[in-house]
Amino acid sequence: MTNAWTDIKNTDLVVVMGGNAAEAHPCGFKWVTEAKAHRGAKLIVVDPRYTRTASVSDYYAPIRQGSDIAFLNGVMKYCIDNGKVQWEYMKAFTNASYIVKDGFGYQDGLFTGYNEEKRDYDRSSWDYVIGEDGFAVTDPTLEHPRCVWNLLKEHLAPYTPELVSQVCGTPKEKFLKVAEMIAECSSPTKTMTSMYALGWTQHSKGSQNIRAMAMLQLILGNIGVRGGGMNALRGHSNIQGLTDLGLMSHLLTGYLTMPTEKDTDFETYMSTRLFKPLRPGQTSYWQNYKKFMVSFQKAMWGDAATAENGWAFNYLPKLDVPAYDILRMFELMNHGKVNGYICQGFNPILAFPNRAKITSSLSKLKFMVTMDPLETETSRFWENHGDFNDVDTASIQTEVFQLPSTCFAEEDGSLTNSGRWLQWHWQASSPPGEAKHDSWIIAQIFLRMRELYRKEGGAFPDPILNLSWEYEDENEPTAEELAKEINGRALTDLMDPTDPTKVLVAAGKQVVNFSQLKDDGSTMSGCWIYSGCWNEQGNNMGRRDNHDPDETGAYLGWTFAWPLNRRTLYNRASADINGKPWDPTRKLLEWDGAKWTGYDVPDIAPTAKPQDVGPFIMNQEGVSRLFTRGMMRDGPFPAHMEPFESPVENVFNRKMRGNPVARVFQSDADQLGTSAEFPYAATSYRLTEHFHYWTKHNRVNSALQPDFFVEISEELAAEKKITNGGWVRVWSKRGSVKAKAVVTKRIRPLICDGKPVHIVGIPLHWGFTGSAKKGFGPNSLAAFVGDANIETPESKAFLVNIEPSTAPKDKEASV
Amino acid sequence: MNMDLSRRGFLKLAGAGVAATSMGALGFGEAEAAEIAHVRPFKLAMTTETRQTCPYCSVACGIIIYSKGDVRKGDKAEVVHIEGDVDHPTNRGTLCPKGAALKDFVKSPTRLLYPMHRKPGSDKFERMSWDEALDRIARLMKDDRDANLLLKNEKGLDVNRWTTTGMLAASATSNETAWATFKFAKSIGMVGFDNQARV
Amino acid sequence: MANTMDSPRTAVSNPPVQPMETNLTQRDLIRRSATSELPQPERQLTPVAKLIDVSKCIGCKACQSACVEWNDTNPVIGENVGYYTNPHDLTADMFTLMRFTEWVNPETDNLEWLIRKDGCMHCADPGCLKACPAPGAIVQYSNGIVDFVHDNCIGCGYCVKGCPFNIPRISKADHRAYKCTLCSDRVAVGQGPACAKACPTQAIVFGTKEDMKKHAEGRIADLKSRGYANAGLYDPPGVGGTHVMYVLHHNDKPQIYADLPVDPKISAVVQTWKGATKYAGLAVMGLAAAGTILHGLFGNANRVSKHEEEEAQEAVDHAEKRVEDA
């Protein structure tokens with residue numbers, strides 16, 4: 001989230017599209033109801049289903065899943081055509097005026113440079129014209145035909161209300177009503193917030209869905225302001241934290257990136273990451289990358305990381321592919337190329353697409369380790385449960401360790417919420433049985449491996465033997481010790497740059513925040529963006545001052561937000577080019593002639609003059625990007641693409657299937673179904689009564705929603721002779737499930753490309769362990785394809801068939 | 001209508017409670033008072049409060065765990081109730097149907113209690129000691145790493161990449177646990193390392 | 001004052017953990033079932049109310065969950081029969097229930113998903129209490145709470161028949177009647193009900209009845225501004241008003257919200273039992289015996305019989321006929 005949950009109360013219009021906030025984030029959604037009740041805000045829901053969020057909306061418009069880009073591009077076109085643009089903001093704070101190279105273009109659903117064989121673009125033409133001074137060439141008048149603004153208008157031209165309706169199935173008048181309501185927020189004194197979640201990410205073009213809305217928000221001037229923003233409602237309590245801390249194949253901490261085989265040494269690695277400004281005077285904050293990277297290496301390997309050895313750069317593994325993401329790992333596993341796998345608090349046989357492939361893959365492992373407070377389907381993937389898990393147990397040769405871990409109530413530590421607040425919690429209860437903290441389990445495996453390497457030697461033991469592991473009890477690092485390491489400290493005395501005789505931070509003391517980190521090895525910090533979380537003032541994550549001066553919703557004294565306790569990202573954009581708030585009643589920051597003042601920590605140097613320095617300091621341009629250059633694999637503008645399994649053809653290019661540059665493994669391509677065989681458009685989702693696969697272990701939540709079901713329209717039920725509450729079978733090219741049918745008016749057939757499209761809704765909370773009735777999930781059916789940029793599986797749009805059926809059979813009790 | 005008004009109204013009510021004449025003053029003896037108090041005794045009396053965060057979605061609602069026993073005093077503590085924390089700026093004491101039933105997650109009958117082991121081909125889990133399980137896991141991992149760590153690519157560049165053992169990290173663990181997990185996974189050269197953010 | 005104030009909230013402070021004296025005692029009772037001479041209380045507690053704003057409700061069932069956890073009930077894990085309403089009805093272990101209705105507004109042709117939290121309305125004129133033959137099994141406090149005293153309950157089921165909202169349920173386990181207590185144990189120490197505290201959107205709020213009515217006015221004005229011309233407060237006069245009230249977007253047709261009664265009244269049948277059957281019958285049974293003993297004697301079998309019901313209905317019919325004739 002760019003903004004905080006509590007900031008949503010400041011909005012005038014909430015657009016929930018690609019998510020279902022009332023259902024998946026009820027207590028965050030509270031702030032929508034507050035905005036409605038106290039500001040007269042309106043709520044729009046655009047979704048294939050009339051959801052619980054829709055039930056309290058002011059306006060609902062249906063849409064076919066996987067067609068969001070067409071809809072959003074249509075809204076952008078509507079706004080531009082009708083002059084509903086926050087002109088001053090757009091001109092000053094976006095790259096609308098930047099001139100693009102001549103080679104760039106778009107035709108038949110493809111950008112220039114497409115190579116069908118490689119399923120990739122040559123992106124060299126997707127870039128700015130760079131002048132002789134080394135800066136990007138711009139035309140502030142926006143008259144140049146090759147400026148981003150004019151290219152954007154050209155790109156959006158086909159997205160008429162008629163085309164939107166044809167592609168999305170949204171009735172034209174409903175689309176226009178939504179567009180009209182959104183367009184009103186181009187006023188500097190009206191803001192809209194976008195609340196989205198996996199309804200946008202779980203597509204083969206998920207990143208582009210989000211870009212489309214981000215661009216719309218930029219031309220409406222809604223980024224960096226109170227009540228605005230792009231608010232990704234993250235799914236798990238600490239999914240933000242684990243991303244920030246880089247627990248991903250392609251990341252290090254704080255969005256530093258893993259080296260690749262191109263990064264032959266530390267200098268080469270750094271050379272592509274220092275991003276010099278593309279316009280005069282801009283901040284381009286990544287120029288500090290080296291300070292964060294060296295401090296990170298020092299946190300990892302301490303004294304073993306030296307200037308001489310490139311800060312132990314060779315200790316880091318180097319990638320030969322963009323990432324060993326989960327789809328790639330299970331593809332390798334299914335080919336017998338993975339031997340061991342650890343699942344910590346993770347249930348892949350329910351969470352990953354194409355369950356048959358996941359089960360087959362796990363069956364090829366030599367060993368699997370699970371660490372979880374609860375039983376999971378994954379830890380028992382080898383156990384036969386009749387129709388619910390029909391495996392041949394004896395043939396599965398995987399050795400399995402099921403390790404009991406503690407749950408939240410039994411530990412200290414911090415979690416980072418969707419609004420980037422790091423909130424500390426305290427242990428309340430004793431662990432049951434022999435359950436142990438995850439940090440203890442990890443430490444034990446590490447220490448035992450390190451001991452084996454010490455005794456026996458082995459393959460490249462250096463990064464293991466030299467890993468910094470300095471804890472009072474190395475068997476169990478405490479949360480406090482780990483948090484302090486994340487924050488970082490001085491390794492030698494840090495002198496005051498303005499007075500070299502003065503010690504700013506004495507050796508061994510915590511740094512105040514990342515502004516004190518150095519690239520010479522004199523500081524260490526596990527994760528630069530978290531620096532400030534536990535400094536010499538103490539544990540800032542445990543702060544509990546809930547005062548909120550002038551009720552802006554900022555709560556600066558409540559816990560700690562990254563970066564630097566900032567609550568709204570890009571908040572400098574809440575004021576105009578002269579530093580005056582766009583909306584004085586919703587002031588966030590203001591330039592007082594010498595510095596930025598206001599309710600939040602400025603997202604810019606506090607003395608940076610408003611006319612000189614742009615608000616988007618992480619970008620080389622200093623402004624935001626309506627055109628992303630070559631930074632995304634599937635295009636610098638969002639373009640309509642169909643899901644890989646779609647009930648209709650792509651109207652821009654009827655031969656094109658899915659995202660033309662998304663990676664698809666051959667065996668998965670062979671398992672893609674067609675609409676002739678599988679005529680119905682399925683989608684997956686959460687229900688408010690459950691949290692993933694956890695709460696089916698809870699008797700209360702199981703009572704509130706006991707049984708797996710699928711939802712279909714009354715029309716489809718009539719056509720297929722399916723009765724409400726009766727059993728149905730739903731199957732795709734990859735699997736089959738049995739479910740109770742919920743026949744509802746909340747799903748209606750849509751007319752897309754001239755034909756009716758029926759939607760089958762499949763919630764995701766059931767399995768074969770726990771208190772709830774045994775059941776299945778959508779991932780038994782979903783396709784094994786991912787987003788072109790980050791490989792998030794396309795679990796929100798796939799094709800199925802459906803028929804009336806009988807109850808599934810459990811395994812007969814053994815005698 | 002605003003909160004202040006409502007607050008005043010509510011406090012008036014609560015105030016009545018504080019000012020209520022005691023049973024004794026009303027002429028009832030202790031035993032009689034107990035007998036006639038039809039309402040259930042307030043079940044949180046004499047419990048220990050702990051500030052916590054709901055572990056489900058990313059709203060991260062503030063909660064208070066009420067327990068019998070205090071872990072800070074070295075007691076064995078057991079959760080008796082969980083309720084929203086009124087002081088928390090986001091949820092203001094409210095909770096969703098999952099958060100409101102957190103106690104029954106902590107005390108779920110399917111909580112795992114002991115390390116369990118399944119032999120290849122077996123149809124059951126068997127108890128195993130922590131030491132035995134951890135030693136065996138470390139052995140399996142080291143052997144696989146030693147056999148399959150790719151030290152150099154075809155150009156002779158150090159790549160130190162281990163692709164044959166992977167890990168999924170839990171996005172419900174704390175940042176501190178995540179940092180320990182990160183250090184472990186990246187230092188051993190593991191690249192097939194992701195968390196729920198990927199899906 | 002800024003217009004971005006938080007809504008009225010149920011809890012203004014976290015629950016106490018120090019022992020507290022209860023503020024609801026027998027001295028605060030204004031009615032007691034099957035008891036004719038109850039001394040009137042020396043003090044009047046401020047009437048309380050729970051207000052359920054159906055237009056803000058997202059149907060998340062947090063209220064159900066919080067109710068189960070607070071009251072330590074154990075609802076069964078049932079099955080899906082084609083609806084979101086789970087369990088499928090109120091039970092002795094589920095005192096409150098979200099009832100889901102898919103309703104197409106004939107004026108706009110738009111679907112509206114009407115979600116109503118069902119449960120005891122805490123009537124000012126409680127039909128359950130009036131129907132109850134067991135002394136002290138149902139009580140009403142001067143703040144409006146109608147509570148069941150299970151030790152005195154004989155499990156006869158008269159309260160079920162007496163309730164114009166069909167709320168109480170008899171437990172199969174102990175054959176006593178159960179329903180929402182308005183969390184009398186929480187209210188007694190200055191806390192609002194568990195459901196209201198949990199409600200994420202604060203569609204459920206709790207406070208003095210006066211405040212809740214004022215809050216409702218603001219909500220109704222907001223709904224009218226959004227085109228719900230018939231938005232209004234449901235506080236039915238037929239039962240003397242209720243201490244659980246609804247804000248409805250379509251207050252002109254409460255029946256569309258899962259059969260919320262348009263004009264609930266205590267059934268005339270119940271009034272007739274009271275006069276003709278109830279006391280006479282119970283006198284024979286030995287009214288003086290303690291409720292617990294009665295309960296032990298009659299247990300599960302002590303329900304309103306079909307015969308009794310028919311007899312009473314006949315009596316009502318006769319009475320009505322006489323009125324018409326007159």
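Two residues are in contact if their C-beta atoms, placed from the backbone, lie within 7 Å. With that in hand, welcome to this predicted model, in which 103 residues of chain B are in contact with 138 residues of chain A. In this predicted model, local features need pLDDT of at least 70 and side-chain atom pairs count only at pLDDT 80 or more, while totals for chains, interfaces and linings use all residues. Residues are numbered from 1 along each chain as its sequence is written, and chains are lettered from A and ligands numbered from 1 in the order in which they are written.

- Chain B holds 5 helices and 9 strands, where helices (H or I, at least four residues) and strands (E, at least two) are DSSP runs numbered from the N terminus.
- Read from the N terminus, the elements of chain B follow the order α-α-β-β-β-α-β-β-α-β-β-β-α-β.
- Of the 199 residues in chain B, 56% are buried, a label for residues with 20 or more other C-beta atoms within 10 Å of their own C-beta, placed from the backbone.
- The side of chain B that touches chain A is made up of 52 nonpolar, 29 polar and 22 charged residues. Here Ala, Val, Leu, Ile, Met, Phe, Trp, Tyr, Cys and Pro are nonpolar, Asp, Glu, Lys and Arg are charged, and the others, Gly among them, are polar.
- Strand β10 of chain A (residues 340-344) pairs in the parallel sense with strand β8 of chain B (residues 165-169) over 4 bridges; pairing takes at least two bridges found by DSSP.
- Within this pairing, A:I342 has B:M167 as its bridge partner in β8(B).

**A strand pair in chain C**

- Strand β9 of chain C (residues 204-208) has 5 of its 5 residues buried, so it is largely enclosed by the rest of the structure.
- Strand β2 of chain C (residues 48-53) runs antiparallel to β9(C), joined to it by 5 bridges.
- One bridge to look for links C:K50 with its partner C:F206 in β9(C).

**Domains of chain A**

- The assignment for chain A lists domain 1 (5-232), domain 2 (326-452) and domain 3 (666-804), with bounds from an automatic or database domain assignment.
- The centres of domain 1 and domain 3 of chain A, taken over C-alpha atoms, are 28 Å apart.
- Their contact takes 24 residues from domain 1 of chain A and 28 residues from domain 3 of chain A.
- On the domain 1 side of that contact, α1 (21-24), α6 (161-168), α8 (198-201) and α9 (206-219) of chain A are the elements that give two or more residues.
- The largest share of this side of domain 1, 3 residues, comes from α8(A).

**Inside chain A**

- Helix α5 of chain A (residues 148-156) has these buried residues: A:V148, A:W149, A:L151, A:L152, A:H155 and A:L156.
- They cover an arc of only 165° around the axis, which puts them on the same side of α5(A); the arc is that of the directions from the helix axis to the C-beta atoms.
- The buried residues of α5(A) pack against α3 (68-81) and β4 (106-107) of chain A.
- A:N650 lies in the loop between β23 (596-598) and α19 (666-669) of chain A, and A:N650 is buried, with 21 other C-beta atoms within 10 Å.
- Leaving aside residues up to four places away in sequence, A:N650 touches A:G109, A:H640, A:M641, A:E642 and A:M656.

Key. Buried ≥ 20, exposed ≤ 12 C-beta atoms within 10 Å, placed from the backbone.
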